[in-house]
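Please read these notes with the model open beside you. They go point by point.

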Amino acid sequence: MATALNDGQRRFLQTMMSQGILEGSVTRKLHKHCCEIHKVHYRHDQLDEFIKNINTHLQPLFMEIRKGMSEDDGQQYYALINLAETEITRMACDYTETELELFKKTKEGEYILSTRCIMELEQYIRNMYQDLVKECNICHNIAIQGQTCELCAARIHLPCAAKYFQGRDDPCCPHCREFWPHEIPAVHRTEPSMPPPSSTPKTRHRHRE
């Protein structure tokens, strides 16, 4: 049985509802802020447990606060997303039926989806493109952009490739073990800024659907 939401968790959920998506360090700062202002027991390593209880209460609404990764730089994000594709729950999604239909019919050109878009539409993408969608061979999350092995077609996010191949003189595909012919990306070392909990992080993208 789920524990009743405390005031700190309610405040956290309200902020997630208003912002939609927050960068990982900002989410951790928000967690601390909500616990301290409402005098709720706080431990820095209990964010996932803190969110897990909130998600238990969101289940009947087909909503979830989910952790994801930016394909651009590997930064961690938390987003409030819609889990179900029904006429009722679609109202909780940022994307209209027309936009989803456009997404389904798009076949040519280069498109990079924002972090929240991927998190929000992951199940939709998996259902609609079962034969095309690939998972990153390192983190096993859906991979829209990245590098692909020319022999076995294993796919790796650029940030995952940067970390996996770091320091390896003879990079090999983690799946088939053949030589990895692509240029190894640099590890992203820029520390994200930490704006106050009410601000929204800027997600880089070239084209959003």
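Buried means under 20% relative accessible area, exposed means over 50%, and partly exposed lies in between (1.4 Å probe, protein chains only). This is a predicted model: local features need pLDDT of at least 70, side-chain atom pairs count only at pLDDT 80 or more, and totals for chains, interfaces and linings use all residues. Residues are numbered from 1 along each chain as its sequence is written, and side-chain values use heavy atoms, with hydrogens and water left out.

1. Overall make-up. The protein chain has six helices and five strands. Helices (H or I, at least four residues) and strands (E, at least two) are DSSP runs, numbered from the N terminus. The order from the N terminus is α-β-α-α-β-β-α-α-β-β-α. Of the 209 residues in the protein chain, 42% are buried.

2. Contact range. Contact means heavy atoms within 4.5 Å. Take the contacts in the protein chain between residues at least 6 apart in sequence: 55% of them join residues at least 24 apart.

3. Helices α1 and α2. Helix α1 covers residues 7-19 and helix α2 residues 24-37. They pack at an angle of about 140°, and their axes are 8 Å apart. Axes are lines fitted to C-alpha atoms, for helices over the stretch in contact; angles run from 0 to 180 degrees between N-to-C directions. Angles under 35 degrees count as roughly parallel, over 145 as roughly antiparallel, 65 to 115 as roughly perpendicular, and the rest as oblique. α1 and α2 are therefore oblique to each other. On the α1 side, the contact uses Gly8, Arg11, Phe12 and Thr15. On the α2 side, it uses Thr27, Leu30, His31, His33, Cys34 and Ile37. The residues of this contact of α1 with α2 split into four nonpolar, five polar and one charged. For these classes, Ala, Val, Leu, Ile, Met, Phe, Trp, Tyr, Cys and Pro count as nonpolar, Asp, Glu, Lys and Arg as charged, and the others, Gly among them, as polar.

4. Helices α1 and α3. Here the packing angle is about 80°, with the axes of α1 and α3 11 Å apart. The two helices α1 and α3 are therefore roughly perpendicular to each other. From α1, Gly8, Gln9, Phe12 and Leu13 meet Leu47, Phe50, Ile51, Asn53, Ile54 and Leu58 of α3. The contact of α1 with α3 has seven nonpolar, three polar and no charged residues.

5. Asparagine 55. Not counting residues up to four places away in sequence, asparagine 55 touches Glu64 and Ile65.

6. Strands β2 (residues 63-69) and β3 (residues 76-82) pair in the antiparallel sense over seven bridges. Two strands pair if DSSP finds at least two bridges between them. Arginine 66 stands opposite alanine 79 in β3. Six residues lie between β2 and β3 in the hairpin. Glycine 74 in the turn has a positive phi of about 80°.

7. Positive phi outside glycine. Lysine 39 is not a glycine, yet its phi is positive, about 55°. Lysine 39 sits in the loop between α2 and α3 (47-58). Its relative accessibility is 77%, so lysine 39 counts as exposed. Alanine 153 is not a glycine either, and has a positive phi of about 70°. Alanine 153 lies in the loop between β4 (147-148) and β5 (155-156). At 31% relative accessibility, alanine 153 counts as partly exposed.
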